[in-house]
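Q: I would like to go through this structure step by step. Could we begin with the sheet and then turn to the helices and a loop?

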Amino acid sequence: MNKKIRFAAVFTTFALVLSMLSGCLYYDELYVEDDDYESYDSSSSYTLMVYLCGSDLESRWGAGTADLREMIEGFNGNESVNIIVQTGGSLFWQNPIVSAEKCQHFRVTKNTLELIDDSAGRRSMSDPATLGSFISYASQAYKADRYGLILWNHGGGSAGGYGYDEAFGSDPMNLSDLSDTLGKSGLTFDFIGFDACLMAGFETCLAVAPYTKYLIASQESEPGCGWYYKDFVRALATTPSIGTTELGKIIVDTYIEKAYESAPSTYSTLGVFDTEKIVDSVLPLVNAMSESYTKQLKEGNYSDISRERSNVREMADANDYVDLCGLADESGNSKLRDALADATVCFGSTPNGTGDNGLSIYYPYYDLTQIDAVDNVYESVEYDVQFDDYIDYFANVMAGGQIALDSGHDESSFSGFDWFDFSDAYDSSIYSDEAEDYGTVEVKESGDDYILELSDDDWDGISNITLNCFASYNDYYIDFGADDYYELDKDGNLIVGYDERWVALNGSIVPFFFEEHYSDDNGDLKLSYGYVPCVYNDKDAQLVLAWDADHPEGYAAGVRYTYDNPMIAPRGMTEIKDGDVIKPYYDLYDENMHFVDKATLDGEEIKVDGKLTVSYEDVRAQLGDTFIFYEIFDLFNNSYDTEPIFYEE
């Protein structure tokens, strides 16, 4: 474990904050007056297909309408370029042209949208057959020398898939079905782009590689407005023969510029990837890495591999996607890093993040429930992939460590998953020397402090530490969240205590859950965020609080709504407005610390009237009797609680 001391939450470094959607709403006729266009080339033809599944991004915020307007603004009337859009997937469109009652096909013109086909009917945009019909229609009705495809909506990466249809409430389209649909089209696309979150993955590259030379996608969550269409549509419409890498660079550069301009507290990424090089150069090295890792596991060297995995940065603090280049660096695999750099044609990121390579890979660690979904992707591609066998084996070792230490899991916890193999989970030497039962984590007095004293070997088995705060309320205990704040004394012992201050909004302490952090090479704060679970204007949501170099005291960055499908990554946030009502959501526990319910508290609400103030306030003065404990996690993701320290009035 990296025993770096973090002195307070405002000085911990933080991760991604999703961007505001301000500036995305348009309630007009989607008509743009004539502009002065330069001459354009009509010697070659291009059909760009935009599969625009509006979902709540359109019905709540008008993000689809905004991007349609950008396409119109960029298009110059070149008849050899066709921008064909299929709309659907939203309960309401914030313009009078697009219908929410059915899917429709439009052609972008110099001034507006032209409805070209109204016969598609009411269909789920998450259904691969709907996508297949659109590709078939657009490619036959608007034949061209070259074709491009943009998939617009929510994204959940290789495990979560693409697209959420708000009208049908259907599951996203998995990458296996997407790949199959692309194959049935019979087309080879100039590029396939995802204007959606988390889709720049190694698995996505393999899924689309037979059907396109280039993938354009983001490994991070996207800001609400997504890509900026005007400039690259203008470039394409002016010169249809433009090189894909040149066009891709325009897409990346304008996206990063606009993302940082509209939401400087957001870490945004976008990349263009050569899928042939991913298959020819990167895949063999990933397979070799898989073989090496598997061999090390069979030799009983789980702890080093687990520690490497826990040190690699995850995308959007969710879903077990890690930066593939970061994994190469962590394991000292310079050949893999070089191959990734060569396959990355263009990559851009806003300056408030880590400057990653741009391509992620699914590597389960915190959540073992999505492995089967990713295995299905690997099994469906036409390439020999060995990373799925490795992650299955790695997960079995983790499961074995959890079962062996009786951490609330037994064989039945995993037996429903295809990846689980009881014999692999109990492969003797893999966990017998590595897994250590910390049992009841006792603390002891040391001067004015309480400390947790562990040996160096014990510390080496710890992957993470969080501070947890609870308060008494009637006959219950209320969970006030978790932070990654901790301090070590001069002897390297964990100080089990804190300064009795907690995150507050407008002076009132609220439940707060830290998520992620970024720092620069000197360890100075770049960006940090966490969230307050809440009911926001009567909808379940998370109020995101952020800290950065310009706002070390913190600020309320916006609200992101939650989805029933945990693999759907929120894209963008709602701007906080005067009159909005926030009711913090609490987890309630009984006297034996058994979970009872989630609830808001009677009479507790925050009505926005001006700027929300973020601060740290005195816990004992506001909450009365409280207690804290530290939760420590071992390399198998077993967790142990220290003895609680009580703070009474």
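This is a predicted model: local features need pLDDT of at least 70, side-chain atom pairs count only at pLDDT 80 or more; totals for chains, interfaces and linings use all residues.

Q: What is the order of the nine strands in the open sheet?

A: The order is 4-3-2-1-5-6-7-8-10, and the pairing is mixed.

Q: Which strands stand at the edges?

A: Strand 4 (113-121) and strand 10 do; each has a single partner strand, so one side of each is left without a neighbour in the sheet. On average, neighbouring strands of this sheet are turned by 15 degrees against each other, direction ignored.

Q: In what sense do strand 1 and strand 2 pair?

A: Strand 1 (residues 46-53) pairs with strand 2 (residues 81-88) in the parallel sense, over eight bridges. M49 stands opposite I84 of strand 2.

Q: Which strands does helix 3 lie across?

A: Helix 3 (residues 128-141) lies across strand 1, strand 2, strand 3 (103-108), strand 4 and strand 5 (146-152). Its direction is at about 155 degrees to strand 1.

Q: And helix 12, which strands does that lie across?

A: Helix 12 lies across strand 8 and strand 10, and runs at about 90 degrees to strand 10.

Q: Which residues of helix 12 are buried?

A: In helix 12 (residues 334-343), the residues L336, A339, L340 and A343 are buried. Seen down the helix axis, the buried residues fall within an arc of 100 degrees, so they line one face of helix 12. Their cover includes strand 8 (269-274), helix 9, helix 11 (324-330) and strand 10 (344-349).

Q: At what angle do helix 9 and helix 10 pack?

A: Helix 9 (residues 275-298) and helix 10 (residues 302-311) pack at about 135 degrees, with their axes 8 Å apart. That angle makes helix 9 oblique to helix 10. Helix 9 contributes Y293, Q296 and L297 to the contact, while helix 10 contributes Y302, I305 and E308. The residues of this contact divide into four nonpolar, one polar and one charged.

Q: Changing topic: where is N537?

A: N537 is in the loop between strand 20 (525-536) and strand 21 (539-548). Its phi is near 50 degrees, a positive value in a residue other than glycine. N537 is partly exposed, with a relative accessible area of 29%.

Q: Is D538 buried or exposed?

A: D538 is exposed, with a relative accessible area of 70%. D538 lies in the loop between strand 20 and strand 21, and has a positive phi, near 70 degrees.

Note on methods: Residues are numbered from 1 along each chain as its sequence is written. Side-chain values use heavy atoms; hydrogens and water are left out. Axes are lines fitted to C-alpha atoms, for helices over the stretch in contact, and angles run from 0 to 180 degrees between N-to-C directions. Helices (H or I, at least four residues) and strands (E, at least two) are DSSP runs, numbered from the N terminus. Angles under 35 degrees count as roughly parallel, over 145 as roughly antiparallel, 65 to 115 as roughly perpendicular and the rest as oblique. Contact means heavy atoms within 4.5 Å. Ala, Val, Leu, Ile, Met, Phe, Trp, Tyr, Cys and Pro count as nonpolar, Asp, Glu, Lys and Arg as charged, and the others, Gly among them, as polar. Buried means under 20% relative accessible area, exposed over 50%, partly exposed in between (1.4 Å probe, protein chains only). The arc is that of the directions from the helix axis to the C-beta atoms. Two strands pair if DSSP finds at least two bridges between them.
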